[in-house]
Amino acid sequence: MFSRTILSRQLRQPATTLLLRSTTTTAPASSSGSFLLSLAAQRRLLSDATRKAIDKAVSSAPVVLFMKGTPETPQCGFSRASIQVLGLQGVDPNKFAAFNVLEDDELRQGIKEYSDWPTIPQLYVDKEFIGGCDIIVSMHQSGELAKLLEEKKVLATESEAETEAQGGKKE
Amino acid sequence: MTSQTPIEDSIREKLTTALQPTTLEIYNDSHLHAHHQAMQGVTSKETHFRLVITSEAFQSKMQPARHRLVYSLLKDELAREGGIHALQLRTMTPQEEEQRRAQEAGAE
């Protein structure tokens, strides 16, 4: 369908960047090797500042995807599949935000703890954690995702042209 | 002898003990992802797994709770440097597996 093509193109807007780095205390990044760094990241409790920043990200739009790469150029097959499903479902681009975790290590580690979920992508709808790629795809196949997105009113509505053709009611 | 598949062994052991699954299929898809950018410099042949698990332990749990349960059991393997990078899960109860079989049989 024509409108779907436009929608999926609109959905491929650049992912939003969350700047967490400057506001949070992290393990000294200088001399430690990546092994030590990742250990430190795992053990660190989610700081208030990080939690608040992620709270803000989660509530920045009704549909929020934390992913690797951008909707336009996903850097991981699972992120790509998730974006494709949201496009197929017809999620309204105005009600959607994507956050690229590869741009921000604080977010990348923080979101795992925030969601109690060790992998990325992660989907939130109305601030509620829905799941990762496997859950998104299986809900897509079962029809549950369509039902959820419709209930949450986050799907793009029929185009105005069509509304006009149906009588063009004005409010 | 040292196992050639230490992570797979560990997945099988931990999930079998904790979930007593009636079905446990472990697929190592690492070779399909070896060329990915994120895998540069990684020598492990056990980075990407796909699991099909059927267990009574999933009864009355929604999908996210089931996945969290599996993730928590494999916490060390997921967190370890050079451990599991990606984990695909299909989690079913025995009843759901039965339904799926019936559906698939019907579709043929």
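Predicted model: local features only at pLDDT ≥ 70, side-chain atom pairs only at ≥ 80, totals over all residues.
Modeller: Some ground rules: residues are numbered from 1 along each chain as its sequence is written, chains are lettered from A in the order in which they are written, and side-chain values use heavy atoms, without hydrogens or water. Local features need pLDDT of at least 70 and side-chain atom pairs count only at pLDDT 80 or more, while totals for chains, interfaces and linings use all residues.

Colleague: How do you know that chain A and chain B are in contact?

Modeller: Contact means heavy atoms within 4.5 Å. By that rule, 16 residues of chain A are in contact with 15 residues of chain B.

Colleague: What area do chain A and chain B bury between them?

Modeller: About 1,300 Å², with 60% of it on carbon and sulfur atoms. Buried area is the accessible area (1.4 Å probe) that two parts lose on being put together, summed over both. In chain A, the residues that lose the most are A:Phe78, A:Trp117 and A:Asp134, together 36% of what that side buries.

Colleague: Why is the meeting of A:Asp116 and B:Arg68 called a salt bridge?

Modeller: The rule asks for a side-chain nitrogen of Lys or Arg within 4 Å of a carboxyl oxygen of Asp or Glu. The side chains of A:Asp116 and B:Arg68 come to 3.7 Å, N to O. That distance meets the definition, so the pair counts as a salt bridge.

Colleague: Which elements of chain A each supply at least two residues to the side that touches chain B?

Modeller: Helix H2 (34-43), strand E4 (128-131) and helix H6 (133-142). Helices (H or I, at least four residues) and strands (E, at least two) are DSSP runs, numbered from the N terminus. H2 of chain A gives the most, with 4 residues.

Colleague: What makes A:Ser79 buried?

Modeller: Buried means under 20% relative accessible area (1.4 Å probe, protein chains only); exposed is over 50%, and partly exposed lies in between. A:Ser79 has 0% relative accessibility, so it counts as buried. A:Ser79 is found in helix H4 (residues 77-89) of chain A. Leaving aside neighbours within four places in sequence, its contacts are A:Met67, A:Lys68, A:Pro74 and A:Pro121.

Colleague: What is the mean pLDDT of chain A, and what is that of chain B?

Modeller: pLDDT is the predictor's confidence in each residue, from 0 to 100. Chain B has a mean of 94, with 98% of its residues at 70 or more. Chain A has a mean of 79, with 66% at 70 or more. In chain A, pLDDT stays under 50 over residues 1-10. Residues 21-33 of chain A are also below 50.
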